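Please read this note with the model open beside you. It goes through selected features point by point.

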Amino acid sequence: MARIVAHTGERVEPLMGWSWLATPADAAATPADLPEAGDWQEAAVPGTVAGTLRSLGRLDDASANAIGQQDHWYRARLAEPLNGRLRFEGLATVTEIWIGGTKRADSASMFAAVELTVGCLAGTEIALCFRALAPKLAAAPRRARWRPAMIQPNGLRWFRTSALGSMPGWCPPGLPTGPYRAVLRIEGEAGAARIEAVDLRTSYDGQGGTVALSLALAADAPLPGSAIMCCADGEVALQVNGEGKLAGTLSLPGIVPWFPHTHGEPALHDLILELDGETIDLGRVGFRSLEVDRGEDGEGFGLVVNGVPVFCRGACWSNADVATLAGGRATYEPWLKLAREAGMNMIRLPGVMSYEDDAFFALCDELGIMVWQEMMLANFDYPQGDAGFRAAIKTEAEALLGRTQGSPSLAVLCGGSEVFQQSAMLGAPPEAWSGPVFDEILPEAVARLRPDIAYVPNSPSGGPLPFVADKGVTHYYGVGAYMRGLDDARRANVRFAAESLAFANVPEEVSLRSGKPPAITHHPDWKRGVPRDAGASWDFEDVRDHYLERLYGLEPARLRREDPERYFALSRAVVAEVMEETFAEWRRPGSPTSGALVWLLQDLQPGAGWGVIASDGEPKSAWHGLSRAFRPVQLALTDEGVNGLALHVLNERPEPLAATVELTCWRAGEVVVVQAKRELALEPRSATTLSAFDLIGRFFDIAYAYRFGPPGHDVTSAVLRDAASGAVLAEAFHFPLGRGHERHHCELSVQLEREGDDCWLVLSTQRFAQSVEIVDPGWRPERNWFHLAPGESRRVRLHRRPGTSDDPSGEVRAVNALDRAGYAAKA
């Protein structure tokens, strides 16, 4: 029995009216020792101390670092009597719960809910004391087989709390502290058949689905006269089984299955329970099968959903608001909708962050985004020999898997992040990498509660070392932090990258206009937002600069000094280019790669962080590059050397594809030297590779590999068009001489069109325009940082940014253009 549900006969309301006070550690032993007056502040619950400080304008590095050194008290009074339960959904971290001046419970995990049965009069005080965590971390046992540099201090491994706030170099300071999830008062009606827990299983066999439901009622609850489960067009009566629980299984032949949005429709179905004629909403469920494809050698990792191999692509989630650790639909929705808009079909929740609430999974269910969920375990030599620690992880896993049982988006449970890798890199032998938590407790919980998902012991894992790329699951940074050539993406034979391609991604101009951080790359406030590995002599801006020099042939340090605007433009352009080219390698037919996720989805603080979306919610150039790389119907070009260019056409959709491929080679960006065209038809969920030589029908040194004389062209463009409508489905480009840094008059042109409240830009150019950028302070372009070939106009929709009342007014630029094109709405 796992899922706890609200139901008819119970009133569930948040407990309101909280105030907060910080005191020196251990200054107050009980609520009676606290002053009635003093510096008590109104506090939002759910929320954190950092969130309250931010709302008061008092959050900075000093106050954030002080949080862990202090005790923090929260208190509220019941506005009316309560004869029922108090449920604390999440308390960070070492917490005492006081009711009416009496301590009723202790909690030592921010990941475990606490529920108490209470009988209280109106006016009863509910007090929470969050004891200073930093002294407890310092006093924790220090001996360990290895100590990670990324997360500090080592004592954190003994406490069930997030690594957020403890990762200097890329995460803001401040230990998570406070009631960051809801505090609920629950009151039931006398005689109601209270449901203690729900066990829910769905399955799909390709022909239809089944849903099995089991209910555990409270010990003193009467059995209902009738209990009926309804889903889609079917229903079944629940019966008392041998364990004294109400149970039943409903078969639904022909039910529409759930797919990730890139491969079909994320179909969901309402699940209803009727108890004695009263309706209980059990939420929406999806029906899907899931298998792991290990490849012919048994060493790979890929997901097969409903019998269809799925290339998983997306990003790693950081946090919607690192200060408050906020949850809920309104908090998650903007981020997840942007992930969907970019074509992402998987989000990974890494072990260094925190668990998200049910609304996160509900949104992923709706949007068709699979979830790779990790246990909040990362890097440390955890005390797996300690029975209390093992019990805490077991409870954590059961709660997580139980509350997500009906969620089709949950696809993978992983034991954690870089535990195996850290131990291996610091010299521990293979027998020290794992342990009973990863080998026994977690796989048993998955088999018992969610047998329809995949289990991965750790990320990364597999192969002679946990992090090798050609076996199992890896964290791939050959292209990226290790600054290898772009061809390493193929040479490494990546099977599945649970994280990859981290760069210090420069936010868009609109994000930098606030001046926080200043758009001066060597300003201390700017460098604060640039991630770095602890102890490294370089940061991820150096990584980005390496590829800027490699692709454009310019010296970044000199460019930064002499032309900072162009430095920013090329810095934005290069990450989009690198990401798009890398995914072209990974997604081509014949590639061993079954998936890759970018590190990270969103920034934790303002600046050039790892996120492909800035902390203010504005997509960066990397997001736009990924949105092209992730298209379900895709055209990609790869350089095959003396074999010329390969054109890879992918159709992941469930419908057949009838299209035309057009190939053009341009000299000086405007003169056509070679042109070819071919019609093709692809079956649903299939792919093909075409040779440019075959398409052209004669020898032309399209990749400039033979080098018999000067190059005949400097850019190749390829277009995939829908055969019926002529609409452009995808485009791809190749630069046989490199991207280059010369600038020309491209004769950029832009027209603003309005259709009711919708606005569009129509862009064209007389000379090839490289990495076109649309800059508008009030309107976000749906697509940006794309290449534009002569004779091929591009229509780009504009979205009004929140708080903007102005009409569209902006400028179109390109990194190889001397000219710019402005636009504005007519008065």
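1. Conventions. This is a predicted model: local features need pLDDT of at least 70, side-chain atom pairs count only at pLDDT 80 or more, and totals for chains, interfaces and linings use all residues. Residues are numbered from 1 along each chain as its sequence is written, and side-chain values use heavy atoms, with hydrogens and water left out.

2. Aromatic pairs. The structure holds 29 aromatic pairs. Rings of Phe, Tyr and Trp (its six-membered ring) pair if their centres lie within 6.5 Å; planes under 30 degrees apart count as stacked, over 60 as edge-to-face and the rest as tilted. One of the pairs is Phe111 with Tyr355, edge-to-face, at 4.9 Å centre to centre and 80° between the planes. This pair links distant parts of the chain, 244 residues apart. Phe111 is in the loop between strand 7 (102–107) and strand 8 (114–120). Tyr355 is in the loop between strand 23 (346–349) and helix 5 (358–367). Helices (H or I, at least four residues) and strands (E, at least two) are DSSP runs, numbered from the N terminus.

3. Buried means under 20% relative accessible area, exposed over 50%, partly exposed in between (1.4 Å probe, protein chains only). Phe111 counts as buried because its relative accessibility is 11%. Tyr355 is buried too, at 8%. Tyr706 and Phe708 form a tilted pair, 6.1 Å centre to centre and 50° between the planes. Here Tyr706 is partly exposed at 32%, and Phe708 is exposed at 69%.

4. Ring cluster and charges. Ring pairs join Trp170, Trp538, Phe540, Trp599 and Trp610 into a cluster. Arg75 lies over the face of Trp40, 3.7 Å from the ring centre. The charged end of Arg794 sits over the ring of Phe786, at 4.4 Å from its centre. The criterion for a charge over a ring: NZ of Lys or CZ of Arg within 6 Å of the ring centre and within 35 degrees of the ring normal.

5. The order 11-12-16-15 describes an open sheet of 4 strands with antiparallel pairing. Two strands pair if DSSP finds at least two bridges between them. Strand 11 (195–204) and strand 15 (239–240) are the edges, each pairing on one side only. Strand 11 and strand 12 (residues 208–217) share 9 bridges in the antiparallel sense. Ile195 has Leu217 in strand 12 as its bridge partner.

6. Strand 35. How many residues of strand 35 (residues 715–722) are buried? The count is 7 of 8, so the strand is mostly covered. Antiparallel pairing with strand 32 (residues 657–667) runs over 8 bridges, and Thr660 stands opposite Arg721. Strand 36 (residues 728–734) pairs with strand 35 in the antiparallel sense over 6 bridges. There, Leu720 has Ala730 as its bridge partner. The hairpin of strand 35 and strand 36 has 5 residues between the strands, and Gly726 takes a positive phi near 80°.

7. Helix 15. This helix (residues 621–629) has 9 of its 9 residues buried, so it is largely enclosed by the rest of the structure. Among the buried residues are Trp623, His624 and Arg628. They pack against elements including helix 4 (329–341), helix 14 (564–587) and strand 30 (633–639). Contact means heavy atoms within 4.5 Å.

8. Helix 4 on helix 5. The axes come within 10 Å and cross at roughly 35°. Axes are lines fitted to C-alpha atoms, for helices over the stretch in contact, and angles run from 0 to 180 degrees between N-to-C directions. The crossing is right-handed, meaning that the near helix is turned clockwise from the far one by less than a right angle.

9. Leu604. This residue lies in the loop between strand 29 and helix 15. Leu604 is buried at 12%. Trp170 is 434 residues away in sequence, yet 8.1 Å away in space, C-alpha to C-alpha. Leaving out residues up to four places away in sequence, Leu604 touches Trp170, Pro172 and Val322, among others.

10. Val649. Strand 31 (residues 645–651) holds Val649, which is buried at 0%. Beyond neighbours within four places in sequence, the contacts of Val649 include Leu635, Val661, Leu680 and Leu720.
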